[in-house]
Each structure stands twice: as C-alpha cells, then as structure tokens.
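Me: I would like to learn how to read a protein model, one feature at a time. Could you take me through it slowly?

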Amino acid sequence: MADKHMTIVRNGRVLDINGHRAPLADILIKGDTIAEVGPPGLAAPDDASMLDATDRLIHPGLINAHTHGHGNLSKGMGDRWTLELLLTAAPWISGNRSAEDKYLTTYIGALEMLMKGCTACYDLTVEFPQPTPEGLGACGKAYADAGLRAVVAPMVASHTFYEAIPGLLDVLPAGLQRDVERLKLAPFEASIAAMRQVLSDWCFDRELVCPAVAPTIPHHCSDEFMVACAQLAREFGVGLHTHVQESKAQVIVGLKKYGKTPTAHLQDIGLLGPDFVAAHGVWLDADDIQRLSDHGASVAHNPGSNMLLGNGIAAVRTMLDRKLNVGIGTDGASCCDNQNMYESLRVAAYGSNARGPDTDRWLKSEEILHAATAGSARALGFADKLGRIAKGYKADLVFLDLSHVNWIPCNDPTNQLVHTEDGSAVHSVMVGGKMRVVNRRPLGVDLSALAKKAEATRERLSALNASNKVLFERLQGLVNGFCPGLAKTPYHIDRLAAHYAR
Ligand SMILES: [Zn+2]
C-alpha cells in the first residue's frame, strides 16, 4: 500500500526561479508527493510530521540529464584526453567489471549526486560485450539503495570504435589490428534480445528506477540496429538516448557515411521523437536543432565534459530560440571527473558567455536553472512529476544552509545558485518525501567502509586491466594522430565558421 504519511515543511525559503527571490513558504507532503505549497502557517493534519527548515533555502532537486555510472570508479584516470582517446581507454578504465563492481561504481556516483543536490539522473551504463540482466540489476539496485531516482539505459553498439571510424583500422599495424579485433561486441541480435529481457523483467519501481535504451553513437551502430533499439524502446514505452554530434570527428564521419549530418540521418530512419534525447549536440547546425525541436526531442547539455574533451561549446541559445528542450548533465566521471551539478550550472553560464561578447545571446541564470530542473525532467520522461516545487510533483527537495558562507549575504538566490553555490552548502536532501542526506551526510552510509571497498576494487581492477592499459598506451598516439586529423577536414571550414557565427 502506498505511503500516505504527511509531512509539513515549515519556516523554509522556497526558491522562485523566475522571480529571483525565495519567500518564506510551507510545503505539505503526502507520501512521496507535494500536496500543497502555501504561505507560512499552511494548514496541516494533526498527525503530520513537522520538518523545521529555518535558515534553509529550498530548491527543486537538480536533475542530471546525462551521466555514466560506470565512470565513477575511473575518475581522474585521464588527462588531456579527447573523446576519441577516452573511447580508446574504455577497456582499461571500465573493463573486467563483476556485477558487484557495477553496483559499487554506480552507488558511489549516486551518493555523490545526492550529496551535491541532485535527486535524479539519466545513466547510460555499459557492459562488454553486451548488456546483462545481472549487470543492469546491479546498477538499478545501487540507485534504489542510495535513494536517487534514475533512468538506467544500457549503452549498446554493433560496431567497435575502430570499426566505426573509416580508415582508422588501416593506420594500425597488423599486430594492433589483431588486438583490437578481440574487443568485438556481441552480434546485434544478442544485444537486442538481452535488452528485451531486461525491459520485460524490470523489477524496480519505475517511478524511482526506470529502464531505457541507449544506442551509444549513431555511426557505432548499423541502421538496422538503431531502428531495432527504437522499436524496442517504443514497444516498452521507455526513453531512447544517444550521443549526437559530440565531437567534430563524429560529425565528419557522419557526413562521410550518410552524406548528411547524423541528426538528419536519425530523422530519416525514424529515431527522433519526444522520447529521444541527443546527448551533447555540440556540432549540431541550425537545421539539426530545428529537426530535434520539430520532433519534440531533448538535448542533454554537458558543458564541463565538452570543454574537458576539447569538443567545443554547444549553441544552447540557438536551441532555446528554436524551442528545443534542453536539460543539463555532468557526463560520466571519466570525462568530467565529478558529479557536481552546481558546477555544470556555472560552466553552462560561462560557456555561453565565452562564445562571444553579445550579452543578449548569453544564458540567463533562470534559463540554466530551468534546464537543470524542468528541462532535465522532461528529458528523463518525467515532465509532469519532477523538476518543480508545486502541487502534484514529487517531493524531491534540496535544503541549502543559508548560514553557509556561500550565502552570506543572499542577494539573489537564482543568480547565486548558478554563480556561487558549489555544493558545499547542501545541508539536507529529500527524494520522494524521504530524507537521504541530513547534515551533509548520506543517511545509513558508512563512507569510510565504502572508501576501503572502493580502494580494494581499484587495486584488483588495475591488475585485471593491466594488459588493456598497455593496449591503450600502444594505441593512443595512432588514434590521436588520426582523429584530430579527421577533424581538420577542409570541407568543414565553412560549417565551422557558421557554427561560431551563431
Ligand atoms: Zn556520454
């Protein structure tokens, strides 16, 4: 039977994003849902529990529109990596994981997100050579145990990175060609069958941990495979998420392979729709943005990752001009080496400003906060349940300590959330009416025991993946010579100019 326990949150200041203010207001919660928001003294049943939020700024939980749970055991393993070098490093930094390791890496990230004011995420997780019910069950259980809402999508492909980039295999010596051969993925029918089983047997409460489907990158997938993924997602009514035009090399490969941009191709084969999320979209042109908007799709904007990997800065102002829904994410901890959504807010602002001096084109702090709450909620498929503090929405709330130095003084809560807060003022976090973080600590979690377990796992995986590390070291110079070269294709000079003129 559903929990109908009532809680009344009193004396807190509730953020009004558009109003740039945070008036005193009370919040009545029934079970996991907000029943009423009203002025101080809001009526509540006698048996309701009272939560005193004096000196707290309450904002809707931030929602991470794009991450990779498998990255949390790999944080800090790379420096000066492009996206293509990160993909080359994958067998080393994410290889040989047991189901228990998959649980651990996901759980660490879930705790980090909660402790840094995030209450839901879209996780594209990976298993080699194909997804398994045990692996996805481990990821789902990690989120359920931590109490973070998540959409969990197995990231699948039919081609390896080396098969996906035309000409790359040809620059590898014969010995290395044989070595990368053994990275082969499962036949696509096997991946589809495994995902079908996962979607049929999903045992978690879908309002807390929901499955989805993630063909990883269009040119890593045959058209037949992409279409099969979309059919599967639509048959089960779940989300569809893929990396789209993230790096310049990707868009050039797409143009070579399809004779059009990857987004134009995805439209032609029927992938785009309101359930579709394009991660990154750094190299979308104006027509691509319009295509995504016309189909009611979303973009997951990950400005920290885009800068770290040297991919550039997405044209978010153009996306908003074209009424394209934008959510904000961190990306995985292996390419944006923490899971701090407050940093993503700030980097989203800085990135928009760094495109040029025309302040009319800069993102406003309220636009960034809407993207990281309601925008991300829509990308996750929870548009009418998450991302707002309002009647009928889930009680996913963050309580910031207004006596923390970040808030001394509080001049403008909307601006300060984007430009000042860094996660250190997060005092408490509630997900679905349940407190998950109190007084800066995740409830019921022994962080030092977790650290010991992670260290033992790190050592074991480091030994298991030693040969994959050697393989990466042999490949990195060749990949790094080839892919940036690809990205210098002269065809794109005009497109490049047009990109930066927007
Ligand atoms: Zn990603």
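This is a predicted model: local features need pLDDT of at least 70, side-chain atom pairs count only at pLDDT 80 or more; totals for chains, interfaces and linings use all residues.

Me: In what order do the eight strands of the open sheet run?

Reply: Helices (H or I, at least four residues) and strands (E, at least two) are DSSP runs numbered from the N terminus, and two strands pair if DSSP finds at least two bridges between them. Here the order is S6-S7-S8-S9-S10-S11-S12-S13, with parallel pairing. Strands S6 (62-67) and S13 (325-328) each have a single partner strand, so one side of each is left without a neighbour in the sheet.

Me: At what angle do helices H13 and H14 pack?

Reply: Axes are lines fitted to C-alpha atoms, for helices over the stretch in contact, and angles run from 0 to 180 degrees between N-to-C directions. H13 (residues 341-354) and H14 (residues 365-380) pack at about 140 degrees, with their axes 10 Å apart. Angles under 35 degrees count as roughly parallel, over 145 as roughly antiparallel, 65 to 115 as roughly perpendicular and the rest as oblique, and H13 and H14 are therefore oblique to each other.

Me: Is arginine 13 buried, partly exposed or exposed?

Reply: Buried means under 20% relative accessible area, exposed over 50%, and partly exposed in between (1.4 Å probe, protein chains only). Arginine 13, found in strand S1 (residues 6-14), has 31% relative accessibility and so counts as partly exposed.

Notes. Residues are numbered from 1 along each chain as its sequence is written. Side-chain values use heavy atoms; hydrogens and water are left out.
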